[in-house]
Amino acid sequence: MPRFIPEPYRIKMVEPIKPTTRGEREAYIREAGYSLFRLRAEDVYVDALTDSGTNAMSDAQWSAMLRGDEAYAGGRSYFRLVDTARDIFGHAFIQPVHQGRAAEKLLLPLYLKPGKYAIANLFFDTTRAHVELAGARCLEACCPEAADTKSRAPFKGNMDVARLEQLILEHGVDSIGLVVMTITNNSAGGQPVSLQNMRNTAAVCRKYGIPLCIDAARYAENAMFVKLREAECAGWTLRDITRAFFDLADCFTMSAKKDAIVNMGGLLGIKRADAPQVQLVKAGCISYEGFYTYGGLNGRDLEALAAGLVEGLDEHWLRYRLGTMEYLGARLDELGIPYQAPAGGHGIFLDATGFYPQIPYHQFPGQVLAVELYKACGLRGCDIGSYMMGNDPDTGKQLRAINEFTRLAFPRRVYTQSHYDLVLEGIEQVWQERQALHSGYKITWEPPILRHFQASLAPVAGEG
Ligand SMILES: *Cc1c(COP(=O)(O)O)cnc(C)c1O
């Protein structure tokens, strides 16, 4: 059992959380249509629904907010953010936006339209939605190790580069609008992508003249994994590693609500200042987000984001962050509980098929496990499996995910060691009771796109 790494921060302000009983939680989840997204957050004890925008800001970030310049155009805070982001990522054009999906909405339609495809090492749900909203379709080429939760490959987020090239040739070079590299690979379990894999992917893109975009939400966790696992980079700084990745991309979209440790914000980057997309992004931003020097954010948000970009790349912080996930993984190994191993950067992805082999994918084992964990200990996670995948946009048929995961994504700098131990106790309890369940859920109502955020469910076996 590895010793845990003590939190590299201390607490200056607290937010009380409220314990609930199992009986109360059973009623709350039934009232919520068995949707974790429709629970009231105050009825959750440890909230691992997402690490997005749920982070605790530092005293330095809160202080920086006081100097936010709220000028409509050309504010000081805009220039501070752009200078910081250019310095880290090396892209000439930086556009702040209110979150990652706003960057996707502005950028993806510039490369994609009906008849085109985007290929990724796996798409995150909103990225998939924005590819489809642009009229294009998604193709995926994730390395095969990602599908095997037990294989302890160091870079399970990698692109399958041979498959990428095969897809390009199968569909025709002219129909591929964009290649997207998601770092870390969220849908594969927060698994990292190696620098060598990024280089190989970029080489294929260059060969066929296809632009390469980084979906960069967890670029800092990815850089730390690369430093720890890729021999060539052991002596590099995290900034060196980050630069090496972004130098290989033509553009990036980034949800700053993850590794940049803010509650709201996003970035869009374009490497070359003279790229035709720059003017189009600025114009789109003015129409949808706000003037391009604030991009839908307050001046104070731009300051918090600039400070967060720097803090998020701190090596001590990231050693603790990855160390916490490793601690959780080591305990699950001891208990023989299946998860996407080795542990990812931002969370633990429990293998729900390993818990419930008796429940078929169209009854959503990942959702079943999420509901059971909530009932057991007030822990909120979510399905990253067939329930999240939704239906094929053309045939309307339920898609089948490669893995049926229940994701526990942990907010940054929010919970302590004892919360993580509580999480482990809850998981162990649900694991011991896993054979008592014989069926899952059916959908009683769903919207046409991104259904898992809003759908209602009912137990297939009827209300117990
Ligand atoms: C969160 C996330 C997004 C979307 O960002 P939002 O800030 O939630 O709009 C896109 N891609 C990945 C990989 C993400 O994790």
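## The ligand and its polar contacts

A polar contact is a pair of N or O atoms within 3.5 Å; within protein, one atom must be able to donate a hydrogen and the other to accept it, and residues adjacent in sequence count only if both atoms are side-chain atoms. The structure described here is a predicted model, in which local features need pLDDT of at least 70 and side-chain atom pairs count only at pLDDT 80 or more, while totals for chains, interfaces and linings use all residues. Residues are numbered from 1 along each chain as its sequence is written, and side-chain values use heavy atoms, with hydrogens and water left out.

In the side chain of Q99, an N or O atom is 2.8 Å from an oxygen atom of the ligand. The side chain of R218 likewise has an N or O atom 2.8 Å from a ligand oxygen atom. G100 takes part through its backbone: one of its backbone N or O atoms lies 2.8 Å from an oxygen atom of the ligand. Taken alone, the ligand exposes 380 Å², and the protein buries 98% of that (accessible areas come from the Shrake-Rupley method with a 1.4 Å probe; for residues, only the protein chains shown count as cover).

## The shell around the ligand

Helices (H or I, at least four residues) and strands (E, at least two) are DSSP runs, numbered from the N terminus. The largest share, three residues, comes from α4. There are 15 residues around the ligand, and R101, D215, R218, S255 and K258 come nearest (a residue is near a molecule or strand if one of its heavy atoms lies within 4 Å of it).

Which classes of residue make up the shell around the ligand? The shell has two nonpolar, seven polar and six charged residues. Here Ala, Val, Leu, Ile, Met, Phe, Trp, Tyr, Cys and Pro count as nonpolar, Asp, Glu, Lys and Arg as charged, and the others, Gly among them, as polar.

T127 is found in helix α5. Because its relative accessibility is 2%, T127 counts as buried (buried means under 20% relative accessible area, exposed over 50%, and partly exposed in between, with a 1.4 Å probe and protein chains only). Leaving out residues up to four places away in sequence, T127 touches E104, L108 and D215; contact means heavy atoms within 4.5 Å.

M264 is found in the loop between β7 and β8 (266-270). At 34% relative accessibility, M264 counts as partly exposed. Residues up to four places away in sequence aside, M264 touches H98, Q99, K257 and L297. The C-alpha atoms of M264 and V193, 71 residues apart along the chain, are separated by 25 Å.

## Two mostly buried helices

Helix α8 (residues 219-229) is mostly covered, with nine of its eleven residues buried. Among these buried residues are Y219, N222, F225 and K227. The cover over the buried residues of α8 includes α3 (76-89), α7 (195-208), α9 (238-247), β7 (251-255), α11 and α12 (315-335).

Helix α11 (residues 299-311) has 13 residues and reaches 19 Å from its first C-alpha to its last, close to the 18 Å expected. The expected span of a helix is 1.5 Å times one less than its number of residues. Eleven of the 13 residues of α11 are buried, so this helix is largely enclosed by the rest of the structure. The buried residues include G299, D301, L305 and E311.

V161 lies in helix α6 (residues 161-171). At 18% relative accessibility, V161 counts as buried. Apart from its neighbours within four places in sequence, V161 is in contact with N197, N200, T201 and V204. The C-alpha atoms of V161 and N222 are separated by 19 Å, and the two residues are 61 places apart along the chain.

## Backbone features in loops

A cis peptide bond joins I183 and T184, with omega about -20°; T184 is placed in the loop between β5 (176-182) and α7. The peptide bond from A341 to P342 is also cis, with omega near -5°, and P342 is in the loop between α12 and β9 (347-351).

Y34, a residue other than glycine, has a positive phi near 55°. Y34 is found in the loop between α1 (22-31) and β1 (46-47), and at 7% relative accessibility it counts as buried. L122, likewise not a glycine, has a positive phi near 155°. L122 is found in the loop between β3 (117-120) and α5, and its 8% relative accessibility makes it count as buried.
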